[in-house]
Amino acid sequence: MNKFLSLSMFALLFLSFTTAFAQQRMDEEDSSMYLSNKPITIVAAEQNYAGSAYENEEFVNGYVFKDGKILASNVALRYNAKRDEVEVKPTISSPDANARVMVKNSDIYIKILNKAFVYSPKQEGIEKAGYFIVLHEGDHYALYKKISKKFYEGKESVNSITRDTPPSYRNVETYFLVDKENGNFTLFPKS
């Protein structure tokens, strides 16, 4: 009876270990569909500048989709508008050093809060490939917004009347009408 009990315990431990290993392996395979091996660029916190290179400074739980199917849910995501990259880490509490850059693929898109980010390769009407926020999706047309960040160097005051200008990141937003039939982008004028 004692041998049977110890053999049962061994079998139970073995099964739980192999199930946990298989689940971990499955999660790794799923994440390889949307994660690259490229680590994120971590900016030193002591730099003194206004604004941020990110659309949202903090990681936020979101979803990763491929062809309309969920690949990952409740993963920590944030959009680096300066580098035009989506950064991903397993959980919000994971260290930023564990974060990786998402693969740039037009079949893969993400949802952060109430915003859907899609990747578009170079098309007619846009200068380069990148991520866009979907503002409205219609039957024939969609409205996309492109957020990018421009870095301005700081300037020292030349006299006592003016002030120093700190270095800063500023938003640059452009809007596009996307023809869903042929994929062409039409830039909206700024006014």
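Lys115 is partly exposed, with a relative accessibility of 34%; this class lies between buried, under 20% relative accessible area, and exposed, over 50% (1.4 Å probe, protein chains only). This is a predicted model, in which local features need pLDDT of at least 70 and side-chain atom pairs count only at pLDDT 80 or more, while totals for chains, interfaces and linings use all residues. Residues are numbered from 1 along each chain as its sequence is written, and side-chain values use heavy atoms, with hydrogens and water left out.

**Salt bridges**

Side chains of opposite charge can pair when their charged atoms come close. A salt bridge here is a side-chain nitrogen of Lys or Arg within 4 Å of a carboxyl oxygen of Asp or Glu. The count comes to six salt bridges, and the table gives some of them, including the pair of Lys115 with Glu55.

| Pair | Closest N and O atoms |
|---|---|
| Glu55 and Lys115 | 2.4 Å |
| Arg78 and Glu87 | 2.7 Å |
| Lys145 and Glu173 | 3.8 Å |

Glu55 forms its salt bridge with Lys115. Glu55 lies in the loop between β1 (35-39) and β2 (60-66) and Lys115 in strand β7 (residues 115-120), so the pair ties together parts that are 60 residues apart in sequence. Strands are DSSP runs (E, at least two residues), numbered from the N terminus. Glu55 is also partly exposed, at 24% relative accessibility.

In the pair of Arg78 and Glu87, both residues are buried. Lys145 counts as buried at 15% relative accessibility, whereas Glu173 counts as partly exposed at 35%.

**The largest pocket**

The largest pocket holds about 480 Å³ of space. A pocket is an open set of points on a 1 Å grid over the protein atoms alone, where a 1.4 Å probe fits, with protein on both sides within 12 Å along at least five of seven lines; lining residues have an atom within 4 Å of a point. The lining has 23 residues, and Glu127, Lys128, Lys146, Ser148 and Thr174 lie nearest the centre of the pocket. The elements giving two or more residues to this lining are β8 (130-137), β9 (141-152) and β10 (168-179). Strand β9 gives the most, with five residues. By type, the lining divides into nine nonpolar, four polar and 10 charged residues.

Notes. Grid points are joined across faces, edges and corners, and a volume is the space filled by probe spheres set on the points. Helices (H or I, at least four residues) and strands (E, at least two) are DSSP runs, numbered from the N terminus. Ala, Val, Leu, Ile, Met, Phe, Trp, Tyr, Cys and Pro count as nonpolar, Asp, Glu, Lys and Arg as charged, and the others, Gly among them, as polar.
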